[in-house]
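Hi there,

Here is the structure I promised to hand over to you. Have a look at it first, and then read my notes below.

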Amino acid sequence: MVIQTNIANLLGQNSLRLSDRDFRTHLERLSSGLRINKGADDPSGLAISQGMRAQIRGLATSIQNLQDGVNMLNTVDGAAAELQDMVQRMRDLSVRAANEATLTVRDRDIIQNEIKSLASAMRQMSLDLKFNSKDLNGKQKIVFQSERTGDSDIFTMDADGSNQVNITNMPGTQRNAVPSPDGSHVSYDSFIGNWDVIVDLEDGGNPINISNHPTEDIWKMWSPDGERLVFRTFRDGNYELYVVGKDGSNLVNISNNAGIDTVPAMWSPDGSRIVFVSARDGNQELYVVDSDGSNLTNLTNNAGEDFWPVWSPDGSKLAFTSTRDGNFEIYVMDENGTNLVNVSNAAAFDQYPAWSPDSSKLVFTSPRNGSWNIYMVNADGSGLKMVSDNAAMDLYPFWSPDSTTIGFASARGGDWDVYIVDPNSGEPATNLTKSAGYDLAVQTGWYLSILDLNIQAGPNSTDHFELNLRPVSPQTLGVAGLRVTTVKQAGRAIELCDHALAYLGDYRAEIGTMSRRLEHVIDDNTTMHINVSAARSRITDADMAQEIVASTRAAIMRDSATGILSNDQNMRRATLGILVDSIG
C-alpha cells in the first residue's frame with residue numbers, strides 16, 4: 001500500500017471524466033435530435049452531410065422554381081385560351097358577314113366594329129401578358145443591316161441594343177431585312193452576282209432563295225399569315241410585282257402591266273389585298289389589287305406623285321406621301337381611297353410615314369425646322385409633335401410593338417446608327433448599334449421573337465430547364481386588321497381565323513407539353529429530395545432509442561465512478577486513523 005500516489009483515485013477520476021463526457025454527449029443528442037452536433041462528433045460524417053445538405057436545400061428551392069414555372073405557364077395558357085375564344089368569335093362574325101343574301105351594308109359595318117373591338121382587346125391582352133411583372137409575350141428584337149464587317153450583312157439585336165448577332169455573315173450585299181409576323185423568319189435582299197430575295201430563320205443558318213432569277217428581285221414584304229411574300233422583279237423586262245410562297249413555290253404575277261409597278265408594296269392586314277405604286281398611267285399612283293392579281297383599283301388618281309403607302313394595322317386606313325399640293329406631304333385616307341386628310345401640312349419634304357401598332361398615330365421624317373427630324377401626329381392630323389431634335393439626319397422611323405418607343409436611323413454620331421427614343425419622356429435618343437459601319441433598320445424592323453427562359457431546375461449550376469414562348473398578338477396571329485365589309489373579305493377573314501386558331505392550338509399544345517415536362521422534373525426532384533434527405537438523416541440524426549439506452553448506461557457509469565471515488569475518500573480517512581492510532 002502506497003500513500004504518495006493514489007493510483008486508484010486517479011483511475012476513478014478518469015473513469016468519472018469519461019463517463020460524464022459520454023453522458024453529456026448522449027444528453028446533447030437527446031436534446032437536439034442530432035447525432036452530429038459539432039465537428040468532433042464525426043468529422044468525415046459532418047463533411048459528407050454538409051454536401052448532402054447543400055443538395056437537399058438546392059432541390060427544395062428548385063422544386064419551388066419549377067412550381068413557379070408551372071404557374072407561369074398556366075398564366076400563359078389561360079391568356080391563350082382567352083385569345084382562342086376571341087378569335088373564334090371573330091370567325092363566327094366573319095361567317096355571318098359572308099352571308100350576302102340577308103345582310104345589308106349597315107349590318108356588315110356593325111359586324112366590322114365588333115371585330116375591330118375584339119382585335120383591340122386582343123392587343124391589350126397580349127401587352128398585359130405578364131408574370132411577376134415580367135413580359136411573356138415574346139422578346140422584343142430589332143433586325144438591321146450593317147456594313148461593320150466590310151460587307152453589308154443582316155444583324156439582329158435585343159431592343160436595348162444588346163446581343164448583336166450577324167445572321168448572314170456572307171460576302172456581297174444583304175439589305176432591307178424584314179421579320180415574319182411571328183418572328184420565326186427574316187427575309188432580305190441579297191446581291192451575289194444579282195439581286196435575289198432570301199428567306200432565312202430568325203437566327204440564320206438556313207437561307208432559301210425564293211425568287212431565284214438572274215434579273216433583279218428586291219423589296220419584299222410578308223403577308224400577315226407569314227406564308228407568302230410580295231416582291232418587285234424585272235424578270236419580264238419591266239418592273240412587276242410577284243407573290244411567292246415563303247418556300248419559293250406558287251409564284252404569281254399580280255401587277256402584270258407594261259408600266260412601272262414598284263415598291264414599297266404592302267399587304268392589307270387581312271392579307272386579301274396589296275397596295276403598291278405604279279406609273280402605268282403616266283405618273284405615280286397608288287393602286288390596290290387582290291392578292292391573286294384581280295380587282296385592280298386606282299386609289300389616288302391624282303396628277304401629283306403618290307408613293308410610300310403604308311396600311312394601318314387595323315386595316316381601315318392608308319397613309320402615303322404625295323406631291324399633289326406642290327410639296328411632299330403625308331396623307332391619310334380610308335382603305336377605299338375616300339376621306340383624304342393632309343396630316344403633315346407643311347411646306348417641307350415630309351416622308352416615310354409609319355403607323356403605331358394601335359393605328360392611332362403616325363411618325364414621319366421632315367426637314368421643316370431646317371434639319372431632318374422625326375415627327376409624330378395623330379391619325380386625324382392633330383397633335384403634331386417633334387420626336388427627335390438634332391442637326392444631323394434622322395430617317396426611316398419605326399415603332400416598337402407596344403407603341404411606347406420609336407426607332408430610327410440617324411447620322412448624328414458621324415455615321416449611320418440605329419437609335420430609339422420614348423416620344424413622351426423628353427429624354428434624348430439612345431444609340432443602340434454604336435458601330436463605325438453603316439447601320440440601318442427599316443420600318444418593320446422591330447418585332448417580337450421567341451422568348452427563351454431558363455428555370456434553375458436542380459441543385460447544380462448546370463441544371464437548367466429551357467422554356468420557349470412564341471409571341472401571341474393580333475399581328476402575329478394575322479387577325480389585327482380583319483375586314484368583312486365585302487363577301488370576299490369575309491371569306492378571307494374566315495381563312496385567317498382558321499390560321500390563327502391553328503396557331504393558338506399548336507401554341508397551347510407546346511405550353512401544355514412544357515408544363516407536363518416541368519411536372520415530371522418536379523416529381524423527379526421530389527424523389528431525389530426524399531432519398532438524399534434519408535441518406536443524410538442516417539448520418540446526422542440521432543437514434544433516440546439507442547441514445548436513451550446509451551445515456552442511461554453513461555449515467556450509471558458516472559454514478560458508479562462517483563461512488564468509487566467517495567469510497568476511496570473513506571479508505572483514506574481510515575488509513576489516516578490507523579496511522580494516528582499507531583503513533584499515539
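Helices (H or I, at least four residues) and strands (E, at least two) are DSSP runs, numbered from the N terminus. S316 is buried, with a relative accessible area of 16%; buried means under 20% relative accessible area, exposed over 50%, and partly exposed in between (1.4 Å probe, protein chains only). Leaving out residues up to four places away in sequence, S316 touches M333, D334, E335 and R483, where contact means heavy atoms within 4.5 Å.

Before going on, a word on how to read all this. You are looking at a predicted model, in which local features need pLDDT of at least 70 and side-chain atom pairs count only at pLDDT 80 or more, while totals for chains, interfaces and linings use all residues. Residues are numbered from 1 along each chain as its sequence is written, and side-chain values use heavy atoms, with hydrogens and water left out.

**The chain as a whole**

The chain has six helices and 33 strands. Its C-alpha trace spans about 150 × 60 × 45 Å along the principal axes. The radius of gyration is 39 Å, whereas a compact globule of 584 residues would have one near 25 Å. That radius is taken over C-alpha atoms, and the globule rule is 2.2 Å times the number of residues to the power 0.38. Of the 584 residues, 49% count as buried. Among contacts with a separation of 6 or more, 46% are between residues 24 or more positions apart.

**Pockets and a cavity**

Rolling a probe the size of a water molecule over the atoms shows where empty space is left. On a 1 Å grid over the protein atoms alone, a cavity is a set of points where a 1.4 Å probe fits but cannot get out, and a pocket is an open set with protein on both sides within 12 Å along at least five of seven lines; lining residues have an atom within 4 Å of a point. Grid points are joined across faces, edges and corners, and a volume is the space filled by probe spheres set on the points.

The largest pocket has a volume of about 1200 Å³. It is lined by 47 residues, and P357, P401, T444, W446 and Q475 are the closest to its centre. Its lining divides into 25 nonpolar, 17 polar and five charged residues. Here Ala, Val, Leu, Ile, Met, Phe, Trp, Tyr, Cys and Pro count as nonpolar, Asp, Glu, Lys and Arg as charged, and the others, Gly among them, as polar.

Our S316 comes back in the second largest pocket: with S312, D314, K317 and R483, S316 lies nearest the centre of that pocket, which 30 residues line. The volume of the second largest pocket is about 550 Å³. Its lining has nine nonpolar, ten polar and eleven charged residues. The largest share, six residues, comes from α3.

One cavity of 30 Å³ or more was counted, and the largest cavity has a volume of about 50 Å³. Q112, I115, K116, A119, D314, A480, G481, L482 and R483 line it.

**Strands to look at**

Strands of a sheet pair through backbone hydrogen bonds, either parallel or antiparallel. Two strands pair if DSSP finds at least two bridges between them.

Is strand β7 (residues 185–191) largely enclosed or left open? Six of its seven residues are buried, so β7 is largely enclosed by the rest of the structure. Five bridges join β7 to β6 (residues 173–179) in the antiparallel sense, and R175 has D189 as its bridge partner. These two strands form a hairpin with five residues between them, and G183 in the turn has a positive phi of about 75°. On to β8 (residues 195–201): β7 pairs with β8 antiparallel over seven bridges, with S187 opposite V199.

Finally, an open sheet of four strands runs in the order β22-β23-β24-β25, with antiparallel pairing. β22 (351–355) and β25 (385–386) are at the edges with a single partner strand each, so one side of each has no neighbour in the sheet. Six bridges join β23 (residues 361–366) to β24 (residues 373–378), and V363 stands opposite M376.

Happy exploring!
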